[in-house]
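Please give a short briefing on the protein model shown below.

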Amino acid sequence: MKMKKSLLLTAALLTSFGFAGNVLAKTDKAAKQIPPTIVEVIKAQQKQWQPTLVETGSLSAFNGVMLSPEVSGRITKLYFDSGQYVKQGTPLIEIFPDIIKADLEKAEAKLTKSQLDYQRNYKLYKKGFVDKSTLDRYRASLDGDKAEVNMYKAQLSQHLIRAPFDGKLG
């Protein structure tokens with residue numbers, strides 16, 4: 001009888017395990033299947049669309065440079081309009097050059113006088129009327145006046161800002 005009970009208990013257990021295993025197998029199959037996709041359908045309608053989109057951000061040029069003069073002073077002339085395309089070397093801004101221009105004109109007049117003095121004394125030297133040291137003094141004066149003209153030209157170029165490369169101004 002004891003054996004009968006244990007056989008019945010074993011059979012009951014096996015049956016319940018078989019039922020549970022069958023339920024678990026069905027659950028695993030269901031878990032492996034992809035659930036259906038939910039789709040919402042609406043009727044297409046015509047609406048007004050805004051042609052612009054407002055966003056916050058910043059832009060920077062691929063090649064850009066901030067130009068600043070080598071000298072300080074009052075800007076007297078702008079040679080461009082904002083957004084204009086310019087070639088390299090195009091004048092952009094002039095800083096009050098009048099004093100330098102006047103000094104340059106004075107130096108050029110002095111250079112012209114030195115050239116004439118040197119040429120006259122050179123002719124006299126060739127004829128033997130002027131010694132070598134006098135000619136050297138006029139030559140030195142001529143060279144000094146050329147240097148002074150070059151100095152004022154360099155200063156004048158500092159008063160004119162030019163485009164460092166081709167591009168659009170902004």
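Buried means under 20% relative accessible area, exposed means over 50%, and partly exposed lies in between (1.4 Å probe, protein chains only). This is a predicted model, in which local features need pLDDT of at least 70, side-chain atom pairs count only at pLDDT 80 or more, and totals for chains, interfaces and linings use all residues. Residues are numbered from 1 along each chain as its sequence is written, and side-chain values use heavy atoms, with hydrogens and water left out.

**Overall fold**

- The protein chain has 3 helices and 5 strands, where helices (H or I, at least four residues) and strands (E, at least two) are DSSP runs numbered from the N terminus.
- Along the sequence, these elements follow the pattern α-β-β-β-α-α-β-β.
- The chain has 170 residues, and 15% of them count as buried.

- Side chains of opposite charge can pair when their charged atoms come close.
- A salt bridge is a side-chain nitrogen of Lys or Arg within 4 Å of a carboxyl oxygen of Asp or Glu, and the structure holds 6 of them.
- One of these joins the side chains of R139 and D143, with 3.5 Å between the closest N and O atoms.
- R139 and D143 both belong to helix 3 and sit 4 residues apart, about one turn of the helix.
- D143 counts as partly exposed because its relative accessibility is 36%, and R139 counts as partly exposed at 34%.
- Another salt bridge connects K113 and D117, at 2.8 Å from N to O.
- K113 and D117 are both in helix 2, again 4 residues apart, about one turn of the helix.
- K113 counts as exposed because its relative accessibility is 52%, whereas D117, at 16%, counts as buried.
- Helix 2 covers residues 98-127.
- The side chain of D117 also makes a polar contact with the side chain of R120 at 3.1 Å.
- A polar contact is a pair of N or O atoms within 3.5 Å; within protein, one must be able to donate a hydrogen and the other to accept it, and residues adjacent in sequence count only if both atoms are side-chain atoms.

- K110 and D145 meet through their side chains in a salt bridge of 3.8 Å, N to O.
- This pair links distant parts of the chain, since K110 is in helix 2 and D145 is in helix 3 (residues 132-158), 35 residues apart.
- D145 is buried because its relative accessibility is 6%, while K110 is partly exposed at 43%.

**Charges over rings**

- R74 lies over the face of F96, 4.5 Å from the ring centre.
- R139 lies over the face of Y118, 5.4 Å from the ring centre.
- A charge sits over a ring if NZ of Lys or CZ of Arg is within 6 Å of the ring centre and within 35 degrees of the ring normal.

**Nonpolar surface patch**

- V65, L67 and F165 form a nonpolar patch on the surface, with about 240 Å² of accessible area together.
- Patches are made of residues with over 30% relative accessible area and no salt bridge; like charges are joined within 9 Å, and nonpolar side chains (Val, Leu, Ile, Met, Phe, Trp, Tyr) within 5 Å.
- Accessible areas come from the Shrake-Rupley method with a 1.4 Å probe, and for residues only the protein chains shown count as cover.
- F165 is found in the loop between strand 4 (160-162) and strand 5 (167-168).
- F165 counts as partly exposed because its relative accessible area is 35%.
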